[in-house]
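Here is a set of exercises to work through with the model open. Try each task before you read its solution.

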Amino acid sequence: MLPFDEILTGYLGELGWYQWWVLFLMCYAEMPVGFHQLIANFLAASPSHHCSVPGLETWRDCRPISDALNMSIPWTTLDGGGSGYSECSRYDLPDGSFNMSPAEFWQNHSPESLSAGGTISCDGGWEYDCATFTSTIVTEWDLVCSNKGLRQLTTSLYMVGVSLGSLGFGDLADRIGRRRTYLLALTIQFVFGVATAFSPHVALFIIFRMFVGSATPGVVNTSAVIVAEFVGPKERVKVGVLRPVFFSVGAMILAGVAFGVRDWRSLQLAVSLPNLLFIPFYWWCPESPRWLLSRDKEKAKELIQKMAKFNRVDLPDHVFADDPSHVDETKKNEEKDETHKSYTILDILRTPNTRKRSLILFFIWFTNNIVYYGIALNITDLSGDVYTNSLIASAVEIPAYLSLLLLQERFGRKLPVFAYLLLTGTGLIVTAALPAGPGRVAVAMMSRFCITGAFQSTMIYTVELFPTVTRNIGIGCSSTAGRIGSIVSPFVWLLADLWRPAPYILFGVMTIVAGLLCMLLPETKGEQLPQTLEDGEEFGKGVATAVFNKALSTLKIKKPEKKEEGGSANPGYD
């Protein structure tokens with residue numbers, strides 16, 4: 001049988017009607033991923049709050065009553081900066097102190113006497129501002145004050161689930177196929193998404209959310225591989241860009257749904273039930289032809305014939321014929337044994353060229369995630385409420401994705417990754433140097449645009465760098481490295497307590513280093529995807545050495561060797 005890329009370019013078409021159908025299925029399923037990935041902004045929102053005071057009404061129609069708060073809650077410096085009513089303590093007053101009018105109360109007390117009497121913790125619970133959120137996990141389970149660490153833990157452990165899923169589903173997709181892995185991930189996302197809405201306790205909420213998180217890479221990474229393996233080399237960027245646009249569309253839809261559904265349980269249910277629409281995927285979603293070619297060529301032949309019929313093309317017989325002049329029987333058997341072998345992370349770290357490429361990709365993914373979430377978690381200067389901010393943050397990503405249609409087609413895969421990382425790093429360092437104000441916010445948002453472009457262009461690039469037999473395990477390991485970055489990211493902001501610009505400078509330096517390391521990787525635009533481990537090891541050999549030599553020559557650290565007169569024309573011959 002001819003190589004699949006030759007079948008696509010010569011007969012089926014690199015992006016025919018069947019491939020558009022597969023792309024539609026993958027894009028459609030991307031939107032609920034956007035729901036679950038960003039819903040914590042609403043589920044775990046922490047509205048303003050203060051102690052519940054026995055015998056005193058401090059809230060009315062979701063708004064605080066100032067007179068009542070002045071009588072019962074001390075004024076203090078808040079954790080987030082600024083000052084306001086204490087969120088975690090109240091004045092220590094005896095029972096019955098509020099069985100009188102405010103005027104009578106102030107006849108018996110003064111601000112000085114209240115402060116002198118001391119404060120106590122919120123022994124009667126808390127009251128919350130319900131103007132923005134009817135309920136969240138914070139308001140239901142009182143994840144504030146001494147329990148506020150649990151709120152952060154829910155997000156961190158969700159990311160731990162994503163990390164475990166990246167590795168687990170990557171390996172599973174290489175073992176049992178892309179289709180079955182993809183359907184399994186959609187099922188887990190639905191089952192545990194619904195279960196999360198009925199969590200009776202925060203511990204079960206965390207566990208269910210971890211399972212939802214583990215399913216996320218099973219959907220995102222596997223769909224990226226499926227789409228890439230169905231199209232020809234010239235169309236990989238197009239499908240790689242269009243698919244994640246729907247992640248941002250899903251995030252924008254989430255902002256609208258959350259605006260209308262203010263109760264966290266109803267919102268969680270509203271974003272989980274749409275997965276029922278994926279039931280027909282059991283019949284509609286096909287297996288990857290490239291995976292089938294490495295495991296079962298007869299089924300691959302059936303799928304290719306189905307694609308030909310859908311694309312309205314005729315395939316000549318020699319497309320499926322074996323060519324004895326190119327492949328002998330012994331080699332066939334060796335290839336058959338290899339393609340049925342199960343692979344692990346050790347296989348992408350065993351040989352030097354593949355190991356170097358893998359470690360560089362792991363660092364780039366780690367950097368993309370730690371910087372992306374570092375910026376996303378620190379957008380505090382945007383005007384508007386949480387729903388408007390979420391909408392803007394999601395909308396900014398769409399032009400970043402679409403820009404890759406031009407950049408990666410015209411300049412290749414490597415250069416846009418390098419450029420976006422370099423621009424992100426430069427922008428963040430400039431942000432650290434600028435004073436607070438509109439200019440600083442504008443530069444930070446441009447950095448958000450650039451890191452989004454770097455994030456997606458790296459995924460497209462990664463899909464093409466790993467061979468077919470280890471592609472999913474390679475992407476899974478890369479994604480796991482990235483998720484470690486997303487888990488660590490919130491803690492980087494603790495450096496701001498020591499020196500305010502420190503997080504921005506650290507993020508900036510990391511992205512610049514990642515961009516420079518990217519230049520050591522081979523270009524993949526228009527290249528035939530490597531199939532076996534041997535193909536992957538030979539792919540791009542010598543690129544790093546060539547880049548180093550060119551850099552040294554450009555910097556005049558090492559002069560290029562000159563050929564002596566009368567010497568051999570072959571520089572490698574003495």
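Asp-142 is partly exposed, with a relative accessible area of 22%; buried means under 20%, exposed over 50%, and partly exposed in between (1.4 Å probe, protein chains only). This is a predicted model, in which local features need pLDDT of at least 70, side-chain atom pairs count only at pLDDT 80 or more, and totals for chains, interfaces and linings use all residues. Residues are numbered from 1 along each chain as its sequence is written, and side-chain values use heavy atoms, with hydrogens and water left out.

## Disulfides

**Exercise 1.** How many disulfides are there by the distance rule, and which parts of the chain does the link of Cys-51 and Cys-122 join?

*Solution.* Recall that a disulfide is a covalent bond between the sulfur atoms of two cysteines.
- Step 1: apply the rule, a pair of cysteine sulfur atoms within 2.5 Å, and you get two disulfides.
- Step 2: Cys-51 is joined to Cys-122, S to S 1.8 Å, and the link is left-handed, with -65° about the S-S bond.
- Step 3: this pair links distant parts of the chain, 71 residues apart, with Cys-51 in strand β1 (residues 49-51) and Cys-122 in the loop between β7 (119-121) and β8 (126-128).
- Step 4: check burial: Cys-51 is buried at 0% relative accessible area, and Cys-122 is buried at 8%.

**Exercise 2.** Which hand does the disulfide of Cys-88 and Cys-145 have, and why?

*Solution.* 
- Step 1: the S to S distance between Cys-88 and Cys-145 is 2.0 Å.
- Step 2: the torsion about that S-S bond is about -100°, so the disulfide is left-handed.
- Step 3: Cys-88 is in the loop between β5 (83-85) and β6 (89-91) and Cys-145 in the loop between α7 (137-141) and α8 (148-176), so the pair ties together parts that are 57 residues apart in sequence.
- Step 4: Cys-88 is partly exposed, at 32%, whereas Cys-145 is buried, at 17%.

## Packing

**Exercise 3.** At what angle do helices α11 and α18 pack, and how do the residues of their contact divide?

*Solution.* 
- Step 1: α11 (residues 236-260) and α18 (residues 386-410) pack at about 170°, with their axes 9 Å apart. Axes are lines fitted to C-alpha atoms, for helices over the stretch in contact, and angles run from 0 to 180 degrees between N-to-C directions.
- Step 2: that makes α11 roughly antiparallel to α18, the word for angles over 145 degrees.
- Step 3: the contact residues divide into 19 nonpolar, four polar and three charged.

**Exercise 4.** Which residues have the most contacts inside the largest nonpolar core, and what does Met-307 touch?

*Solution.* 
- Step 1: a nonpolar core is a set of buried Ala, Val, Leu, Ile, Met, Phe, Trp, Tyr and Cys residues joined through side-chain atoms within 4.5 Å.
- Step 2: the largest has 95 residues, and those with the most contacts inside it are Leu-12, Met-26, Tyr-182, Phe-281 and Met-307.
- Step 3: leaving aside neighbours within four places in sequence, Met-307 is in contact (heavy atoms within 4.5 Å) with Phe-4, Leu-8, Leu-12, Tyr-18, Gln-19 and Phe-230.
- Step 4: apart from this core lies another, of 38 residues, including Trp-126 and Trp-264.

Terms used. Helix = DSSP H or I, 4+ residues; strand = E, 2+ residues; numbered from the N terminus. Parallel < 35°, antiparallel > 145°, perpendicular 65-115°, else oblique. Nonpolar A, V, L, I, M, F, W, Y, C, P; charged D, E, K, R; others polar.
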